[in-house]
Amino acid sequence: MATPTRTHRTGPPDPRRTSRRSRLHRWDRTASPYLFVAPFFLVFAAFGLFPLLYTGWLSLHRVSLYNVDQADWVGLQNYWDLLFGPPSHFFWNALRNTITLGVLSTVPQLLAALGLAHLLNYHLPARGFFRTALLAPYATSVAAATLVFALIFSPEGGMANWLLGLVGAGPVRWEAGPWSSQFAVSVIVIWRWTGYNALIYLAAMQAIPRDLYEAAAIDGASRWRQFLHVTIPELRPTILFTVVVSSIGATQLFGEPYLFGGQSGHQGGADHQYETLGILMYDTGFHHSMLGRASAIAWTMFGLLLLVGLANTLIARRLRSAQ
Amino acid sequence: MSPHRRTRRTAALVSAAVTAALLVTGCSSAGTGSDDPNAKITLSVGDFGTFGYKEAGLFDEYTKAHPNITITENSTTQEGDYWTALQTRLSGGGLDDIQALELSRIALATSEQLSGAFTDLSKAQGVEKEAYLPWKWQQATTAQGKTIGLGTDVGPMAICYRQDLFQAAGLPSDPAAVSALWAGDWAKYVEVGRQYQAKAPKGSFFMDTASGLYNGVVSSNAEQYYRKGKMVYQDSAGVLKGWQLAAEAVKAGVTQGLKEFDTPWQTAFSNSTFATTVCPSWQQANIEKYSGPGNAGKWNIAQAPAAGNWGGSFLAVPASGKHVAQAQALVVWLTAPEQQAKVFQKVGNIPANQKAYALPGVTDFTNPYIGPKAPTGQIFSTAAKAITPAETGPHHGDLHGAFSNGVLLMEQNNKSADEAWAATLQQIASTVQ
Amino acid sequence: MSGKDDMTTIAAHDSPTIGPTARYRAARRRRPRSLGAGGQHRAGPLALTMLVLVTLASLFPLYWTVVAASTDSHRVISTPPPLLPGGNLFDNIGYVWNNAGARGMGVALLNSTLVAGTVAVSTVAFSVLAGFAFAKLRFRGRGALLSLVVATMAVPAQVSIVPLFILMKHLGLGNQLGALILPTLVTAFGVFFMRQYLSQALPTELLEAALVDGANSLRVVWHVVVPIARPAMAVLGMLAFVQSWNDFLWPIIAMNGATNPTVQVALAGLGTGWSTDWSVITAGALVGTLPLLLVFTVFGRQIVGGITQGALKG
């Protein structure tokens, strides 16, 4: 790369210019780091931090979607209502659903991804094809994937019921039942994210030094024992990372249940059978026009995420000290 | 709690100031309003279900007469979705030039909270107050006398039924005889359902959904969700009767248990899996659209057990629009007698403009898709004149939605009538303030 | 495909600043061609069969989308379901192209491309600047600010939806694409990602040479940093594009109704009853997915590399 500044140096130095230049230069040196990081912090301040605090402020008020400029102070009423008041039934239900959906979608997903990564780590023909194919679901948007799965789980002429029919079972009204609907929603999540996580595991597996395996092999460890005693411990930080990312994602689950429900998706099914906290927040704020209460739900979710983060950190610390 | 009021203007200013510096993308709206009547403009019309303007060629006709105007229609199938989006836009901006409003929302739209968002159409050029059904006009008028919407249609009810399926089940199929089966009492309608179900062709049900029945019963009752300005639903005569009959229908197994307006409901029309559906005039359009040409001539129409009005809509012009005058002119034109008559002939929506009834081809109209030339014009216009509107209020739409959902709980989620009732009240307590 | 494994090399760029353990691990990782457990083994028939089955499960819904989109309203929900494509694919695509949403799928695709494109470009530009500053420049508060960047990654976007809505209303951006672009002009992930890459890939000597020559900071960024950051910029740009393209909750609130939809908003409209015809709905899903699928087939390896790199660094 040519450095065009070099040409400047050939002329006789003009003392006045040099000092101005160097002052400017020094200013440039001291100020530019701040200028470079400023855009991020400005964007974050305006669209991250400010809204976060604003949500907290709104959650202490009664605000209608119809007139967002008028807020009536209600103290902790919104939180009280959520925990014990009229909407508490729906809040606890949504919290429960968020947890069950989170477990149903995250645990099988990560276990499958781990196994899949192990398979991908073999010497394979057409490995590029396998990787791209497994990542294709990730390229499919929530909306597109959910629409297609809604058709697959459709009560009329759906592929899932047809398959069940082949083995003499069903038909199941997938969307109506509490467990069947949560199962179906989890299938969408698992489908979209398993390949993605598998590739992350695969990359981490390939970074494991070969000599560890050689040592284990000399000790006479079988391939399965090598997987358990070398691969898994070495993957620990990566597994932790995927657990964190997946549980954050699961806490915010919205698009899949929302679109899966068709007309009643906005409330997570007629009986709220797969209503998550994200859906409850949307429904409360933008369907029932109670922005204050929606903000209280949002802050509760934030608190929940902090808890999840804290739990993950504690577990990570214990794992590290156990190492 | 004692609400301590405060305006939020300062915080808004702060937020604007913080972000103003970042507005480098310059994504604000392009194009400015113009008073030039010949300037090229686009009017967008937001509506739901089937308003029939496109089908009847009215947009084309209007743009031909006004070459500088282009019209786009944003149509949502289900009114519930439409309203959710509309209330977000009423608050956040981005409204269409013309917005449709359904009967169950009109009390909220004319309330103090929202009426400011709409322009007064009573002062629009060429509007003829006397032409509209007086109660319809009244519903869209605020306490201060501002009329925010012009009536498009009303929803006099009938029952649409499949004559082929009735024959197969050994029931009469002639409209007069069918009407006589349940004349005067919705309970008889459920009773006929039992008879049908006993001999029904395999895989077919008497009705599509019990929530349709529920809405039919409530709509034909003088008392619905409001009494003297107060919400009543736990002891409203209409709600109680509708709920009880819906529960009975579910228990008797005469309903297919579909979610009305949802995709499976739509496909069930073409699959001929149910024999009747409660049929407000606007439902005819859905029947033809979803049943498809393959089922032409199989539907017929009979009188409902009791007369009533279910739905019907208004067109409103938001005050925030860039072309308010032009939008108002289009609304006045679309709701004028000639245009309402054309919509009726095309998709069956009964005009809210009573002058349209006098036009040729309205009361004497026969629907080619329904019945062997069913005299739908006569059936519905007679029913329309008999409508005595029930009292409505701001939460009409919410309550209506909650109870329809409650019926669904019995149909799809295996809840007993008591459980579903409790869940519905819980939902209302939680969401209606 | 070359025999060289991309992901191994990318994974090898580890951060030297995380801690002694990490540094030790990083040093070990830098060994060439360190393959994992099965790396040297050929896949047995059982492993291969399982892998093929999972791959089929992964691809089948996409294939089924094409099949469903090529049938008609009746065939698509018939039993047994169609397993081979029919002849209506282009009719259905044409229909959603002209009719989905208010102004057709074409407008939605254009909107999504505009939003995701702007977001990708600005994320890359701002992330390079900030990442460079954090990686190589010394300034007071650097450590604290960097920790703040990492901490902000934990703030979920969903929590801020309500105030964002109010904010955009006051900015006059209701139903405007700007409402989608502004909040994601630059992300913490992008800054951190660039910082990790540059602290490894940008030789300090090169930088010093340029500074001794008296080049100002922007010049240095343009002539020294950007050429070196280019591969990471491509990866980050693609990741930002994909994320923006697939964003769902905020767009359905900010772009409420069908007047000015992104692809996801248009698809949401399809899913909540715009059409009765499943073959048309799936055609819409196909049209909305195809552009990204194409990008993935072409740039799949780089994206995979980027994802894993981000993961190993995070």
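Predicted model: local features only at pLDDT ≥ 70, side-chain atom pairs only at ≥ 80, totals over all residues.

Me: What radius of gyration does chain B have, next to that of a compact globule with 433 residues?

Reply: Residues are numbered from 1 along each chain as its sequence is written, while chains are lettered from A and ligands numbered from 1 in the order in which they are written. The radius of gyration is taken over C-alpha atoms, and the globule rule is 2.2 Å times the number of residues to the power 0.38. For 433 residues that rule gives a value near 22 Å, and chain B agrees with 23 Å.

Me: And what is the radius of gyration of chain A?

Reply: A compact globule of 323 residues would come out near 20 Å. The C-alpha atoms of chain A fill a box of roughly 90 × 70 × 40 Å along the principal axes. For chain A the radius of gyration is 27 Å.

Me: How many helices and strands does chain B have?

Reply: Helices (H or I, at least four residues) and strands (E, at least two) are DSSP runs, numbered from the N terminus. Chain A, by this scheme, has 12 helices and 2 strands. For chain B the count is 18 helices and 12 strands.

Me: What percentage of the residues in chain B is buried?

Reply: Buried means under 20% relative accessible area, exposed over 50%, and partly exposed in between (1.4 Å probe, protein chains only). In chain A, buried residues make up 59% of the 323 residues. In chain B, with its 433 residues, the share is 60%.

Me: Among contacts in chain B between residues at least 6 apart in sequence, what share joins residues at least 24 apart?

Reply: Contact means heavy atoms within 4.5 Å. For chain A, residues 24 or more positions apart account for 67% of the contacts with a separation of 6 or more. For chain B, the share is 75%.

Me: How far apart are the mean positions of the positive and negative charges of chain A?

Reply: Lys and Arg count as positive and Asp and Glu as negative, while His and the chain ends are not counted. Each charge is placed at NZ of Lys, CZ of Arg, CG of Asp or CD of Glu. In chain B, the mean positions of 33 positive and 35 negative charges are 2 Å apart. In chain A, with 23 positive and 15 negative charges, the distance is 17 Å.

Me: Which residues does the disulfide join?

Reply: A disulfide is a covalent bond between the sulfur atoms of two cysteines. Here it is counted as a pair of cysteine sulfur atoms within 2.5 Å, and over all chains the count is 1. With an S to S distance of 2.0 Å, the pair is C160(B) and C279(B).

Me: Is that disulfide left-handed or right-handed?

Reply: The pair links distant parts of the chain, 119 residues apart: C160(B) in strand β5 and C279(B) in strand β9 of chain B. Both cysteines, C160(B) and C279(B), are buried. The torsion about their S-S bond is about -70°, so the disulfide is left-handed.

Me: Is W250(C) buried or exposed?

Reply: W250(C) sits in helix α12 (residues 249–254) of chain C. Leaving aside neighbours within four places in sequence, W250(C) is in contact with several residues, including I161(C), L164(C) and F165(C). Its relative accessibility is 7%, so W250(C) counts as buried.

Me: Is K228(B) buried or exposed?

Reply: K228(B) lies in the loop between β7 (226–227) and β8 (230–231) of chain B. Most residues other than glycine have a negative phi. K228(B), although not a glycine, has a positive phi of about 50°. Because its relative accessible area is 78%, K228(B) is exposed.

Me: What phi does K373(B) have?

Reply: K373(B) is found in the loop between β12 (350–351) and α16 (376–385) of chain B. With 61% relative accessibility, K373(B) counts as exposed. Although K373(B) is not a glycine, its phi is positive, at about 55°.

Me: Which residues of chain C does F129(A) touch?

Reply: F129(A) lies in helix α4 (residues 127–139) of chain A. Not counting residues up to four places away in sequence, F129(A) touches T55(C) and L59(C).

Notes: Heavy atoms only, no water.
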